[in-house]
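Subject: Structure for you to look at

Hello,

Here is the structure I said I would pass on. My notes on it follow below.

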Amino acid sequence: MEVGMRKWLLAIGVALGLNALAQTGKLEIFSWWAGDEGPALEALIRLYKQKYPGVDVINATVTGGAGVNAKAVLKTRMLGGDPPDTFQVHAGQELIGTWVVADRMEDLTALFKQEGWLQAFPKGLVDLLSYKGGIWSVPVNIHRSNVMWYIPAKLKEWGVTPPKTWAEFLATCQTLKRKGLEAPLALGENWTQQHLWESVALATLGADGWANLWSGKLKFTDPKAVAVWETFGKVLDCANKDAAGLSWQQAVDRVVQGKAAFNIMGDWAAGYMSTTLKLKPGTDFAWAPSPGTSGIFMMLSDSFGLPKGAKNRQNAINWLKLVGSKEGQDTFNPLKGSIAARLDSDPAKYNAYGQSAMKDWKTNRIVGSLVHGAVAPESFMSQFGTVMEIFLQSKNPQAAANAAQAIANQVGLGR
Ligand code: GAL
């Protein structure tokens, strides 16, 4: 916006006593919602600009699913004393174990009270954002990790149905291979392999076993946990060999194009297929809980925080207010594939996938995602990629289990 125009807006704003209009300066929002997964954030930014036309918004994105690249850039900036005004961070240990314990974030408890958010958000979610008497970020959504995506018309053509257990999945995989489908499961780069692993682990261990892994009660070297890697190895045999070079979107594309039958991915895949690819949920594409996890909702939540030393603090606070508002959440989430974190969101604004996720969120057993920051500290999570590499190279369940336990011991998981 031109300087003259901004001054003019400022003058009107001050004259009318309107704080929103009077707000000027910049706002840098840092996230990994670039390109294909940008539309939801862009819609939220448009809404912000309507409310604060005098503010220059810098949509600072670093491409790379699950924040694989963005998190590294953020670290450099935070440690270098150049924090963005606000940044995307997962609720749970990714936020707490990293930036809160390092004393880099502002406590948002007063804002939560002022905005009525203690009532607006589920208590379990507020707990995930809380640490030592403070609340440290504002959740914009709830995503589900354990979802299996497919194209109904294709399954019909191949004469198979969505498998309900991993044993059934492996049998279906053999059927599809016999029908000439080389890689029935579409898989992408390392973090998406970890994402698949967490669905296999949830099915193998059950909700309690999964929780026990993160509280330290169940060791990775326990035979039950070693068995996760055994099943995972068999599942990998159903996947494409060029996984390492594919983004999560490219893996979804393989399913959409009929080159693969299934993909296990979080429900940002629903956002991608409906918002970007313009497919109709329920008819053009469909979903089921990942095998063996029916009745369990593995959740994660994207949130925004306020780093200490933000250069445009008031603009960032206004952003957080929008992020936590009903209007903001019901603008963002229908495009993103997630559901609102708020309890009062309007189901009519969501498509068939969103509405089914809302139902499951209310009725299912809730557990947290590893890969997307909810259950383990970043110190564990950031090394889990290496465990995955060890497994991919050795195909040895015990070796992977030992490596995971070594990291768990090193970071003091569950202590
Ligand atoms: C997750 C994030 C989602 C989506 C996904 C793929 O970690 O929570 O909102 O962006 O990564 O990049």
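The torsion about the S-S bond of Cys173 and Cys238 is about -115°, so this disulfide is left-handed. The sulfur atoms of Cys173 and Cys238 lie 2.2 Å apart, and a disulfide is taken here as a pair of cysteine sulfur atoms within 2.5 Å. The structure holds one disulfide. Helices (H or I, at least four residues) and strands (E, at least two) are DSSP runs, numbered from the N terminus.

Cys173 is buried, at a relative accessible area of 1%. Cys238 is buried too, with 1% relative accessibility. Buried means under 20% relative accessible area, exposed over 50%, and partly exposed in between (1.4 Å probe, protein chains only).

Please keep in mind that this is a predicted model: local features need pLDDT of at least 70, side-chain atom pairs count only at pLDDT 80 or more, and totals for chains, interfaces and linings use all residues. Residues are numbered from 1 along each chain as its sequence is written, and side-chain values use heavy atoms, with hydrogens and water left out.

Next, the ligand. Of the 13 residues around the ligand, those that come nearest are Glu37, His90, Asp302, Lys336 and His372; a residue is near if one of its heavy atoms lies within 4 Å of the molecule. By class, this shell has six nonpolar, four polar and three charged residues. Nonpolar covers Ala, Val, Leu, Ile, Met, Phe, Trp, Tyr, Cys and Pro, charged covers Asp, Glu, Lys and Arg, and the others, Gly among them, are polar.

An oxygen atom of the ligand is 2.7 Å from an N or O atom in the side chain of His372. For the side chain of His143, the distance from an N or O atom to a ligand oxygen is 3.3 Å. A polar backbone atom of Ala66 is 2.9 Å from an oxygen atom of the ligand. The protein covers 100% of the 300 Å² of accessible area that the ligand has on its own (Shrake-Rupley method, 1.4 Å probe).

Last, Ala91. This residue lies in the loop between strand 3 (86-90) and helix 5 (93-100), and counts as buried at 1% relative accessibility. Ala91 and Gly368 are 277 residues apart in sequence and 9.9 Å apart in space, C-alpha to C-alpha. Leaving aside neighbours within four places in sequence, Ala91 is in contact with residues including Leu125, Ser301 and Gly373, where contact means heavy atoms within 4.5 Å.

Regards

Methods: Polar contact = N/O pair within 3.5 Å; in protein donor to acceptor, adjacent residues only side chain to side chain.
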